[in-house]
Amino acid sequence: MEARIGLRNTKSILFKSLIIFLAFVITIPLIIVLLYIIKQGVTQVNWHFLTKIPAPVGEAGGGIANALLGSFIIVAAASVIAIPIGMLAGIYLSENGRTRLAYYAGLCVDVLQGVPSIVIGIVVYFWLVKPMGTFSAISGSIALAIMMLPIVIRATEQTLLLLPPSLKEAALSLGVPYHRVILKVVVPCGFAGILSGITLSIARIIGETAPLLFTAFGNPYLSTSLSKPMETLPHVIFTYATSPYDDWHNLAWGASFILLLFVLILNIFTKLLTRKWKIQL
Amino acid sequence: MEKKDDINSFAKKAKVTLQMKNKRLDLSHSQMKWETIFRRILIVMSVILLILVGGILITLIMQSMPSIKSLGLGFLWGKVWDPVNNIYGAYPFLIGTLLTSFTALIISIPFSYAVSIYLGEYNSKGWLSELLKNTIELIAAVPSIIYGFWGLFVLVPIIRSFEAKIGVAPYGVGIFTSSLVLAVMIIPYAASLGTSLIRMVPSPLKEGAYALGATRFEVIRSVVLPYTRSGLFAGILLSLGRALGETMAVTLLIGNTSQLANSFKNIFFGPGNTMASVIANEFTEADHTVYLSALIELGLVLFLVTVIINVIGKRIISGYTNN
């Protein structure tokens, strides 16, 4: 009997060690990738790199100013589209959880969350690029906005469901109209939670490349026009990474570093916001 | 005279009060109007979601009609993809997608289970647990293009020398390489869900098992894992959904050939193509209707498969959280 308990205990300890080993080993690839990008990228980044547009092949120098500006414009436009729709739909879902419309809308959110990004690229190509006759920044923004929507909706919905109903009831009993109760009482109370959903969704889409391949496409020159093709950070990494030139690879490492920096900052920001709200995103 | 003034001023006052009253009435009217408008806006925004998803499905079906009509169902198991000679078969991409996704999934399962069990059961509080949790979440945050770029320049040479050693053609890029990178990328989806589910296992169940003299391993094996089985399965489904639709990292690493090699070993270690990667590579080059439409049909298949997988996964999870 003693021996058996010994065996069982050993088994338990072995299992625990295995679990700990596997759980921590998986962080190694991430750390290697991060360190490698930082090592390769940090030497590339300087003022010139951030403010100049790409140089023609063979010429030294050149930067990613067009991609930085492009990413900013496209993500900003996507946010302008997705945040209001997402918040309002999220409010509807949290307020009317039991209606048939809410059920189907919720199903659609699940569906949207699962759609591969490349498929969204194809669809937006047929919705906008083909009718307009040209690749355009706005089509890229709409593709990214579709990807943002489910995250913003779920964050809004879950945050508002966490608020005590007495909050809303108190405001309603004072005779405040419904829309003001929602906009002036409920939403401000859940603001941190909703904001964390927004920053998380931006962190997700800022690195998305696939939907931009057929929509915003890319542009070697500085462009601010929403109806013209526009360069973005992830797309510049893709084109330079697949090019045969060492200079361009170096530019791509620099661009990867900047992109990674944005993503990390947005994620840390999200973490700080969600610390208060125990929502699952 | 004075009296008249009095009456006049009184009338004026009355008029003013009446106006104010009307205004207040108007205000509440406009408030009411706004309330209805606001409710309608909320409904419209939710309807937009239905239109969006319906629109995506209809667009994909409409645009893949030419290929469905001219190629029929045989499209899915046609073995040759040769756009130059107008021959379209999706079989190489189906094989490529299934092989990369399932290899990645099999590699990732032990790790995501380990993370879930560690964070859910062994060490669910404290700084070390928080640190590991945030690190795992960070894996999902890094854009896939960065994994692809890193893999192309760091992992591919390593794989190439490995392949030379085991005696297969040393391409470096290929299905095997893509699976490795994919495996890392999809771990967080199953792991974070698994963690929260394992934390939800009621402690009386575990305490009961401990009281019967079970060791920690036995509690995990015969209480925790059976209790969370379908939830952990849902997490794996979500990971699979990610793996199937993942585009950029795979496109950079898979080598992009549409020809199937002759033996399984050569397929597995050699270059290939997935449904997503062939769309990414050839969509803007597709110069005639059936070619483009065949690519969209691939997108349609991808859409349907990932949507079904995701919705099933989500339903299982919501069943959990409701109980």
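Chain A has 13 helices and zero strands, helices (H or I) being DSSP runs of at least four residues and strands (E) runs of at least two, numbered from the N terminus. The model is predicted, so local features need pLDDT of at least 70 and side-chain atom pairs pLDDT 80 or more, while totals for chains, interfaces and linings use all residues. Residues are numbered from 1 along each chain as its sequence is written, chains are lettered from A in the order in which they are written, and side-chain values use heavy atoms, without hydrogens and water.

The C-alpha atoms fill a box of roughly 70 × 65 × 35 Å along the principal axes. Of the 281 residues, 55% count as buried (under 20% relative accessible area, 1.4 Å probe, protein chains only).

Chain B and chain A are in contact (heavy atoms within 4.5 Å). The contact takes 78 residues from chain B and 80 residues from chain A. About 7400 Å² is buried between the two chains, 82% of it on carbon and sulfur atoms. This area is the accessible area (1.4 Å probe) lost on putting the two parts together, summed over both.

Three salt bridges link chain B and chain A, each a side-chain nitrogen of Lys or Arg within 4 Å of a carboxyl oxygen of Asp or Glu. B:Glu137 forms a salt bridge with A:Lys271, with the closest N and O atoms 2.4 Å apart. Helix α1 (residues 2–71) of chain B gives the most to the side of chain B that touches chain A, with 20 residues.

Terms used:
Buried means under 20% relative accessible area, exposed over 50%, partly exposed in between (1.4 Å probe, protein chains only).
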